[in-house]
Amino acid sequence: MAHTVDITGTRAGLAALLSGLFFGAVTWVGMAIAIGALVLYGEESSHWTAAGLLAALLLVALFMIRRFILDRLGNDAHLAEKARTAMDRLPLDLIAHLHDFTTVSVAEFLRASLQSSRGTFLLAQMAARPEVVWECLRETAEKLDASAFLDEAARRLPEFKKKMISAPYILFLLFEQSPGAAEFLNGLDLSIEDLKAMLAWEKFHVLLPKKHALFSPHVLIRALGGLEKSWMLGYTSELDRLTTEITGSILWQDDRAVLLHMPLIEEAHRILARPSNHNILVVGPQGVGKSTFVQNVLYQLRRAEVKDSKPTTRILLLKTAALLSGGARPDAFLLQAIAQAERSGHYLLVIENVALLLQSADSKVLTVLQKLLETKNVSVIATARTEEYHDVIKRTTAVESLFSVLPLEEPKEEEILSALMERHFRLEHALHVTVTYKALQSILTLTRRYLGKGAFPGKALAVMEDAMASAHKARVPAVIEPHIREIISRASHVNVTEVKEGERDRLLKIEQVMRERVIGQDPAVHAVANALKRARMDVGSGKRPLGTFLFLGPTGVGKTQTAKTLAEVYFGAADRMIRLDMNEYSTEQSIEGILGSPQAGREHAEGFLTKRIQDQPFSLLLLDEVEKAHPSVMNLFLQVLDEGVLTDHHGVKTDFRNTIIIATSNAGALFIRNFVAQHPTPEPEAFRKVVIDTVLAEKIFSPEFLNRFDETVLFQPLSLESAKKVALLQIADIVAEIQQKRGITVQVQEDLIREIVTRGYSAEFGARAMRRVITQEVEDRLADELLKHDIKRGETIVIGGPKHT
């Protein structure tokens, strides 16, 4: 029998006993009787005032006792500060679920942990049922000595940056010691490290401020804060009509548990503190959090003013659309703002989407705006998207020079997760839906892979909010990873749901399927099939494109066909492939077709390639005849192949890390044909090495360019037998199409197939001419037969015989 501990002498134990005494069922029954007696007394004696006062005093007394128990005896911070033993570090949330304080075993601590609110949170994150966890950990808990267990738990608290032995911490320690825990966690697709991460999340959940009481300062100032301007500064009708006052409410709109871009927030405060040149332009892609960043800057500014008793800065949010709607003169408004600022205290004007103001304004407005930015008592914080900054604001140099530009980059992964957690915990109270640990992680991973447009954390927050709203509507208590995959699938038009058995078989057989469509090029098929399987199973470093291949070989041997087949087999259609004919990028100016024009309004203001990848990041990019590209274009793709990211002329980053890139080239084609003619069955690796050496010697590609590809794949010249298989495939496609559309069977005789192969194949051009010959000898004859004869559905057309003329 494992030793137990007696926790009756602990402060939390005393708090639990007092809570049971004053707030148990018996107490509430007694309270109901007492209030009923006071009501009867008031009715009989007509002393309603005295009765009401006594009832109020009784309720206030209970409220004060409860606050004392929770704040002085049950508060974790106080308990940790006063703790002398490991038992003193047990929180009230855990102890309240124990039945006998005198003999508490580790098994009882386990049971209480599973029943406590904090333990329940951990189970929800794990997507585990309490009874199943109990069965997994019970045997281990029953063997442990309670005193030794608590002492070890207290010793390891600094390792987890904790001060209390909470329910989630107890569960983690038991999982760590249980022999069957690994198998149990594997079944949930979790590791012990995942549980450790959940402890940090759970601590964040506890520290996040909950809903404020009805008459708390937060609620009162949210309701009344707008009156502050009339008390302090007086109304200014034009300013008030075209701006929103946020001076009083900025501190109380939301508690900010997560502050991203802290170094830039500090830099913003230094800029605002300057006597001049104190205007800020926040620049970043859509979704990076520009508005949130501005709110955090203002929040910190108001906190500092309140703390240091400094004069209040009046903060106004400009209604740009109303200003430009025609109902007001923008120049007159800005002049009035200047005059008001010179008479009153310090103003801070927030202008969201300042590019709209600059684009719509005339020279008079720009002159007044420039004067506003130079006014001593007015600071301006403006926001703009990255492309707007480059296209609009930088061209208005007189205005741009008066701003200090703060570029917002996407936060780090752990910061994005923190933002997701904060929003999740806030929505959890409103929607009564939780999001599991694996689901939160999958939001980040899948959004980065499949949703190209927008920036983090914005696009990840949108996915999570959509998932929680859908779950709430469907009355589902928890969002799990499959829910996230369904939402990502709808948004990206790519199936990213978990691999089912049927699809698993297709993936395993994809190489075989591709070999049926790509003839005589098994090494190339093997390479791209493996890349596809890695992508579908989310295997890879995520720091470079999913797969990068250089296909070398003569014309007409299937290089482009391999890429098309990959797109068709995986994405469902060959047109899902993004194809660039590199002949069209042979000049230095053609780089604009990829990056877009540096000048706004030009034909390629937005690059063709960057736009396509942003719209559909999980795709196949084919660079056809890459050796024809200009060296400047080749250098661009060096960056893409190496880093998986490309920045255009507007400063917008395009992520290629979820793209398969295939470049084709005829480089070394003559050498390959001659070599194969002399060595019909060359050793693959030696052949590949000698071809690459030849290509480098001819200086078609630089070593740096070749080394960027995951694999250089050689396509050998087609044999006559392979050419026949290509012809049969192309004819089969025509036959199948006629059968599907018209219900007519087409038979092509063997003598005609031999003639097609003879005319369509050459050692020099492979099967390049095959398509043209098939058009002449099969499609043209089919058209003639259909025109000459009234052929009905179910009938057969036989094509063969003499050569078609």
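Helices H6 (106-115), H7 (117-126), H10 and H11 (181-187) are among the elements that cover the buried residues of helix H8. Here helices are DSSP runs of H or I with at least four residues, numbered from the N terminus, and contact means heavy atoms within 4.5 Å. This is a predicted model, in which local features need pLDDT of at least 70, side-chain atom pairs count only at pLDDT 80 or more, and totals for chains, interfaces and linings use all residues. Residues are numbered from 1 along each chain as its sequence is written, and side-chain values use heavy atoms, leaving out hydrogens and water.

The buried residues of H8 are Val-133, Trp-134, Cys-136, Leu-137, Thr-140 and Ala-141; buried means under 20% relative accessible area (1.4 Å probe, protein chains only).

Now to the nonpolar cores, sets of buried Ala, Val, Leu, Ile, Met, Phe, Trp, Tyr and Cys residues joined through side-chain atoms within 4.5 Å.

| Core | Size | Residues named |
|---|---|---|
| Largest core | 141 residues | Met-126, Phe-175 and Ile-662, with the most contacts inside it |
| Another core, apart from it | 39 residues | including Ile-578, Ala-629, Phe-637 and Phe-705 |

Beyond its neighbours within four places in sequence, Ile-662 is in contact with residues including Val-528, Phe-549, Phe-551 and Leu-620.

Finally, look at Ser-722 in helix H38 (residues 720-742). Ser-722 is buried, at 13% relative accessible area, and touches Ile-519 and Gly-520, not counting residues up to four places away in sequence.

Technical notes: Buried means under 20% relative accessible area, exposed over 50%, partly exposed in between (1.4 Å probe, protein chains only). Helices (H or I, at least four residues) and strands (E, at least two) are DSSP runs, numbered from the N terminus.
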